[in-house]
Amino acid sequence: MNWSGLENLLSGVNKYSTAFGRIWLSMVFVFRVLVFVVAAQKVWGDESKDFVCNTKQPGCTNVCYDHIFPISHIRLWALQLIFVTCPSLMVMAHVKYREGKDSKYVKEHQGSHLYANPGKKRGGLWWTYLLSLIFKAGFDSAFLYILYRIYHRYDLPRLSKCELFPCPNTVDCFISRPTEKKIFMLFMVASSAVCILMCVLEMIYLIVKRIIKILKIQHEKERLAFAEQHELSAISPSQHRSRRDPTLTDSELSLNKRKEAKTTVL
């Protein structure tokens, strides 16, 4: 499989990604694809050839091998990498759709643009990006669970017992280099877990950033509405009415009125 073509294709997603997305992409290609191509394929290349059972019964070794290795680690990891990297293409496709729509709008409206920046994560593109993160984390989690269930808590025992037909009795089967293979398997599991963590952190970052932006817009609207209301109240003519002090008696009130009248005459 030509992984360099996939790498060149996904490298374009970098300019639309956040810092967490760039770390995720680096983790995928440095700690997963590179290790998979350079080392893992060589380590797991002899899994069928060097699988030995202490019997000469025809077909017994093949049946036991199929029971212990229901699916090859190499093929499972290759399938996992394909599924995990494909959701990023959704973002690129959405951006290309926006760019095509914007260029068509420019031709029809004499130079005015529909999108100031087609790669800006706003509107539908924000949801597409968030959905791609959910898919990536979901695919990685699903494959980790499959590997956990098939290989019994990511374990590769040195000795495996097999009693399936056509084996005449319980036979002992041995895996070549089980410790080395287990180390590589745990390394791939750990790198997948880190990638899941990066996706979750990026989702939290995007959602929190969106909430803060919405709150800022709402606060700005309230501030403008308050300022507009205050400005209108300042423009309208103020009406001052004399208020009666409820603590004054009628005689004191009439005395105050006489004083105000004398002051007005003078």
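**Exercise 1. Sort the residues lining the largest pocket by class, then find where they come from.**

Step 1: start with the classes. The lining holds four nonpolar, five polar and seven charged residues. Here Ala, Val, Leu, Ile, Met, Phe, Trp, Tyr, Cys and Pro count as nonpolar, Asp, Glu, Lys and Arg as charged, and the others, Gly among them, as polar.

Step 2: get clear on what is being lined. On a 1 Å grid over the protein atoms alone, a pocket is an open set of points with protein on both sides within 12 Å along at least five of seven lines, while a cavity is a set of points where a 1.4 Å probe fits but cannot get out; a lining residue has an atom within 4 Å of a point.

Step 3: look at the residues. There are 16 of them in the lining, and Lys-120, Lys-121, Arg-122, Trp-126 and Lys-209 lie nearest the centre of the pocket. Helix H7 gives the largest share, five residues. Helices (H or I, at least four residues) and strands (E, at least two) are DSSP runs, numbered from the N terminus.

Step 4: The largest pocket holds about 400 Å³ of space, where a volume is the space filled by probe spheres set on the grid points, and the points are joined across faces, edges and corners.

A word on the model before you go on: it is predicted, so local features need pLDDT of at least 70 and side-chain atom pairs count only at pLDDT 80 or more, while totals for chains, interfaces and linings use all residues. Residues are numbered from 1 along each chain as its sequence is written, and side-chain values use heavy atoms, with hydrogens and water left out.

**Exercise 2. Describe the second largest pocket.**

Step 1: its space comes to about 180 Å³.

Step 2: pick out the lining, which includes His-67, Ile-68, Tyr-151, Asp-155, Ser-160 and Lys-161. The elements that give two or more residues to this lining are H3 and S2.

Step 3: sort by class, and you get five nonpolar, three polar and two charged residues.

**Exercise 3. Work out how the strands are arranged.**

Step 1: write down the order. Three strands make an open sheet, S1-S3-S2, with antiparallel pairing. Two strands pair if DSSP finds at least two bridges between them.

Step 2: find the edges. They are S1 (52-53) and S2 (159-162), each of which pairs on one side only.

Step 3: count bridges. S2 and S3 (residues 171-174) are joined by four bridges, and S1 and S3 by two.

**Exercise 4. Is Tyr-16 buried or exposed, and what does it touch?**

Step 1: check the accessibility. Tyr-16 is buried because its relative accessible area is 9%, and buried means under 20%, exposed over 50%, partly exposed in between (1.4 Å probe, protein chains only).

Step 2: list the contacts, meaning heavy atoms within 4.5 Å. Leaving aside neighbours within four places in sequence, Tyr-16 touches Val-91, Val-95, Glu-99, Gly-119, Lys-121 and Tyr-129.

Step 3: Pro-118 is 102 residues away from Tyr-16 in sequence, yet their C-alpha atoms are separated by 9.9 Å.
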